[in-house]
Amino acid sequence: MVTTIEIEDTITVGALAERLMIPVTKLITELMKNGVMATVNESIDFDTAQIITQELGLDIELKEGAREAVALHREKPKASAKAAPRPPVVAVMGHVDHGKTSLLDAIRGSSVAAKEAGGITQHISAYQVEHNGRPITFLDTPGHEAFAAIREHGAQLTDIVILVVAADDGVKPQTIEAIRYAKNAGVKIIVAITKIDKEGADPNRIKQQLSEQNILVEEWGGETVVQPVSAKTKEGIDQLLDMLLLVADVEDLKADIDVPARGLIIEAHVEVGRGPVATALIEAGILKPGQFVVAGATYAKVRNLETPDGKPLSQAGPSTPVTITGFKALPEFGDEFEAVENEREARNLSEVAAGDRQTTSSRGISSNELIKLINRSHDLSQLNVIVKADVQGSLASVLDSFKALDTEEVAVKVVSSGIGPITDNDLRLSKTTGARIYGFNVIAPSVIRQQAVRDRIELHLYSVIYELIDDVKAELEKLLLPQVVETDIGTLVVRGIFNTTKSSVICGGEVIKGKLSLPSLARVKRDKELLMEVELTNLKRGPTDVKEINSGEMCGLSLSTPSRLDLMIGDRLEVFTRVVQQRHL
């Protein structure tokens, strides 16, 4: 008889063992066998508990207690009746190398694209420009596939998305992804067709491709504004900005001023001499230097309040991107922040958040990952890595990309990860675990590089994310067992036998199918019986050594055999090649 036990959506290992009436050591052992390292006081989720109970073979069915629904997307702050108008927040999104950053350079008169490694945006960036005396906040999101989380994050923050599509290239995978993010976030889309001055530019083809994604342009009876632009000649830039402000006016964007400042952390990194530095977007209230703010599991007394390009601010209101210093620890990418009255309140709130995160992280791996671990071969090969990055968003993107590389045979095991330069601790951990060290947009001091060479530690620094991912992918491929490929090339019937020893046979025959060539192997068959596998070492057409014999021709041949072969006239040699190939992910 199966017993039903109801448990919560999370439960400690000790409590589950008690409910199942088994020794806690037995439960911990089973968890460890399936890749979950959890102590008696740590929590696991319901799905994991259910899988482990089934693995134990117990006649017990777990039933999940009610759990609160979790919102898929963060709700934007709602403005009250007293709210004041605010600038629009605009995300610029689109396929990699379609000219997003060049367009923004043209709008703000800078040259960021030339400075970005590999010519592609590596971080989310934010800044304000003025047009017709009105401020507009822009977010530039990376286009490379590894930065999917950052792009979705950017879409959730915005009021309007400028969808950048290159006139000579059209709608691409990341274009479609950006459309989906914008629709999920419920924001307006304006299409900017870039590179209109290039050969092969075809705006009408792009409008057709957009209609296939349910984006119907105004001239075709839809609601989506399309503006051709050229970052090189500045053509269409003013019209694009006019259109942004018009859409913002229609949307009637407002935010409360007389409330504690709050918003979202969009990037965070560590600077020498300044400590943790966060880029944030204020969504409501007025933030000033000296105020205390809580961001997730850390807090700050705002020491410096600056624009993203380093100009000091005396205060900052809604829709303003700011740089904040003074945090006790590095806030996480995507953390909400809020101003509070004093340090005691800030400390208490951050400690509560830190406790909640510890509980969440102690749940271990998800049930889907656990199922994968149970089904995986015990011969799973792992690549140990240590990852350091310049900012939180980039680190999250790198780690997400590593997860996507995992298969049933090989996987990336992240031994350690963090923000900042390569340190002695990273080298020591690498020596202990055999992990390769990867740095993304960070430095390794010369003394660290020299020590790595002396200790034969694999230290790799990258400024372009796809180059880092390609390196890790190549290392994983080396761990894959090679693939043996056999190709049948011909068949010979033995017509004469001239010499036989313990390790060789000299014979003659007729090629009845395909061809014979060197080097190659052969399966010796008598009727349907396989006698032996041999190697062809020589071919002769008459007295002449040749490399190839075609169908219908007679030839002589020498065979190398692993043991004595009693070959007979009428036996067949099925000739084939065998190649060992490196497999790819």
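**Entry 1**

The model is a predicted one, in which local features need pLDDT of at least 70, side-chain atom pairs count only at pLDDT 80 or more, and totals for chains, interfaces and linings use all residues. Residues are numbered from 1 along each chain as its sequence is written, and side-chain values use heavy atoms, with hydrogens and water left out.

I noted that E21 (residues 436-440) and E22 run parallel and are joined by 4 bridges. Two strands pair if DSSP finds at least two bridges between them; strands (E, at least two residues) and helices (H or I, at least four) are DSSP runs, numbered from the N terminus.

I then traced the sheet: it is open, has 4 strands in the order E20-E19-E21-E22, and its pairing is parallel. Strands E20 (410-419) and E22 (459-462) are the edge strands, each pairing on one side only. On average, neighbouring strands of this sheet are turned by 25° against each other, direction ignored. Helix H11 (residues 392-405) packs on the sheet and touches E19 (381-389), E20 and E21; contact means heavy atoms within 4.5 Å. The direction of H11 makes about 170° with that of E20, where angles run from 0 to 180 degrees between N-to-C directions and axes are lines fitted to C-alpha atoms, for helices over the stretch in contact.

**Entry 2: helices H2 and H3**

I examined how H2 (residues 24-33) packs with H3 (residues 46-55): the angle is about 100° and the axes are 10 Å apart. H2 is therefore roughly perpendicular to H3 (65 to 115 degrees). Leu27, Glu30 and Leu31 in H2 meet Thr48, Ile52 and Glu55 in H3.

**Entry 3: Leu557**

Leu557 lies in strand E29 (residues 554-560). Not counting residues up to four places away in sequence, Leu557 touches several residues, including Leu492, Val505, Cys507, Leu516 and Leu573. Leu539, also touched by Leu557, is 18 residues away along the chain, yet the C-alpha atoms of the two are separated by 4.5 Å.

**Entry 4: the chain as a whole**

I recorded 14 helices and 30 strands for the chain. Of its 585 residues, 48% count as buried. Among contacts in the chain with a separation of 6 or more, 72% come from residues 24 or more positions apart.

Notes. Buried < 20%, exposed > 50% of the residue type's maximum accessible area, 1.4 Å probe, protein only. Parallel < 35°, antiparallel > 145°, perpendicular 65-115°, else oblique.
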